[in-house]
Every structure is written in C-alpha cells, then in structure tokens.
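Please look at the sequence and the structure together.

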Amino acid sequence: AKLHGDILIFLHEKQFVGVDLELADRHRVIVAATAAILVLGRHISQFDHVQEIRIYAGDPAPQVGGRYLGREGRIGGEVVSVSGVVELGWSSVDEGLIRPEGQHTAYHELAHAFDHADGRFDALRSHEHFERWSARLHNMPLHSMRIGDRIRTDLIGDAEGPELFAVASELFFECPRKLYKLEPTLFEALVEIYGSDPRSFTDR
C-alpha cells in the first residue's frame, strides 16, 4: 500500500519532461517506482525538493547516463532551501533494467537526490570505514562481456565522495546479498539510512 501510494504521490508532484523523447506512462512509472522503493522505510517527502525529472532519449551529456543537479539557497552560510533536477538517459535506464547487476542509473541519480534532501551530500562520509568502502567498490567488477577474442569486465570505477553512496545504493537495492557478502558493514549502514532491507524483496 505504501509503495503504491508513494508512486502516485511522486507522479502527481513531479514535472516529467522528455528531451528528444515522447514520454509514455512506462517512463514515468518506472522512475516513480524507483523513487518509492528507495523510501520504503522512509517518507516520500525525502524527495520534496526534486522539482523536475528530465528523461533523454540518449544520454544527458557525452558518456553520462544520468546526473543530479542540486542547488541550495543559503543565508549566512546556512542552508535555507534545497532544490534539484534529476536527468536520466533512457537508454542507460533500460540497460540497467535488462541486466540487474548493480548498475542502475535511476537508483544512482535518485540516491543523490535522497542524499541532498538536507542540502548536503554527506551520507556515509563521516563513517569510520568510508575510505575502505570506497577502495573496495572502486575495483568491484559488475559484469563481463566478450568482444571478439577478448573479455571486457566493467568496474564500478568512481566511488569517491558522494559517488560512494550512489553506487552503493545501486548495489544495495539491486544485489543486496552481493553487497552484504562484499562489505557487511556498508550494507548495515545503508539499512540504517534507508530504513529497509532489500533482501526482503529480492533474492539477488
């Protein structure tokens, strides 16, 4: 009931814009459902500051499958307002849906938005194990494919600063058992932040 209700709220409150793409209900519902899954253990108001979802037919920028554009209004150094725009390249979103191996553009960018709700990109950053987690995920293989006579293995790569939270969130929701096996302390930290354990709704 909560998931369905949060999907409806997100669809009602956010402006969806297609860039070189004719938006369909499928685009809107997939993005809204992804946001609702992120806050299964929290309140959908975590995304109140997100004003717009821009969905591109290709990528928002060269070799960029998605991005989150956040802004803060400050008075005397204090954050008094927060706003954000989520940009998603639908080809990247589709690829993640087809191959659920911990690389999911919508989870990634919406995790940035979740993190920015208080005007700071600071989830996990003060944790004593932050540097270790970052190093472990940086070289973590996601998937391999054969190209001619060679096998190419894609790595997570950037897991510095706010990116650690976003890439860890992709794994947390898509492949929770894989993340738990790799770094149980990181997994438990994310359970505390999100207030939910994805192992309850996926066997990956």
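## A walk through the fold

The secondary structure of this protein comes to 8 helices and 6 strands. The model is a predicted one. Read from the N terminus, the elements follow the order α-β-α-β-β-β-α-α-α-β-β-α-α-α. The protein has 204 residues, and buried residues make up 46% of them.

Which strands form the open sheet, and in what order? There are 4 strands, in the order E1-E2-E4-E3, and their pairing is mixed. Strand E1 (15-19) and strand E3 (66-75) stand at the edges; each has a single partner strand, so one side of each has no neighbour in the sheet. On average, neighbouring strands of this sheet are turned by 20° against each other, direction ignored. As a general point, side chains in a regular strand alternate between the two faces of the sheet.

E1 and strand E2 (residues 50-56) run parallel and are joined by 5 bridges. In this part of the sheet, valine 17 stands opposite arginine 54 in E2. E3 and E4, by contrast, pair in the antiparallel sense, over 10 bridges. There, glycine 66 stands opposite leucine 88 in E4. E3 and E4 also form a hairpin, with 2 residues between them. Glycine 76 is in the turn of this hairpin and has a positive phi of about 60°.

H2 lies across E1, E2 and strand E4 (78-89), and runs at about 130° to E2. Helix H4 (residues 105-115) also packs on the sheet, where it touches E2, E3 and E4. The direction of H4 makes about 170° with that of E4.

H2 has a helix partner as well. Helix H1 (residues 2-13) and helix H2 (residues 25-38) pack with their axes 8 Å apart, at an angle of about 125°. This angle makes H1 oblique to H2. The crossing of H1 and H2 is right-handed. On the H1 side, the contact is made by Leu3, Asp6, Ile7, Phe10 and Leu11. On the H2 side, Arg28, Val29, Val31, Ala32, Ala33, Ala35, Ala36 and Ile37 take part. What kinds of residue are these: nonpolar, polar or charged? The contact of H1 with H2 has 11 nonpolar residues, no polar ones and 2 charged ones.

One residue of this contact also leads to another part of the chain. Isoleucine 37 is in helix H2. Residues up to four places away in sequence aside, isoleucine 37 touches Leu3, Tyr107, Phe173 and Phe201. In sequence, isoleucine 37 and phenylalanine 173 are 136 residues apart, while in space they are 8.3 Å apart, C-alpha to C-alpha.

Helix H8 (residues 184-194) has its own set of buried residues: Leu186, Phe187, Ala189, Leu190, Val191 and Tyr194. What covers them? The cover includes H2, H4, H5, helix H6 (162-174) and helix H7 (176-182). After H8 comes glycine 195, with a positive phi near 70°.

Histidine 104 is in the loop between helix H3 (90-98) and H4. Is histidine 104 buried or exposed? Its relative accessible area is 5%, so histidine 104 counts as buried, the cut-off being under 20%. Apart from neighbours within four places in sequence, histidine 104 is in contact with Thr34, Leu97, Glu170 and Glu174.

Two other loop residues have a positive phi without being glycine. Glutamine 63, in the loop between E2 and E3, has a phi near 60°. Leucine 124, in the loop between H4 and helix H5 (130-138), has a phi near 80°. Their surroundings can be compared by accessible area. Glutamine 63 is exposed, with a relative accessible area of 83%, whereas leucine 124 is buried, with a relative accessible area of 8%.

Conventions
Residues are numbered from 1 along each chain as its sequence is written. Side-chain values use heavy atoms; hydrogens and water are left out. Axes are lines fitted to C-alpha atoms, for helices over the stretch in contact, and angles run from 0 to 180 degrees between N-to-C directions. Angles under 35 degrees count as roughly parallel, over 145 as roughly antiparallel, 65 to 115 as roughly perpendicular and the rest as oblique. A crossing is left-handed if the near helix is turned anticlockwise from the far one by less than a right angle, and right-handed if clockwise. Contact means heavy atoms within 4.5 Å. Ala, Val, Leu, Ile, Met, Phe, Trp, Tyr, Cys and Pro count as nonpolar, Asp, Glu, Lys and Arg as charged, and the others, Gly among them, as polar. Two strands pair if DSSP finds at least two bridges between them. Buried means under 20% relative accessible area, exposed over 50%, partly exposed in between (1.4 Å probe, protein chains only).
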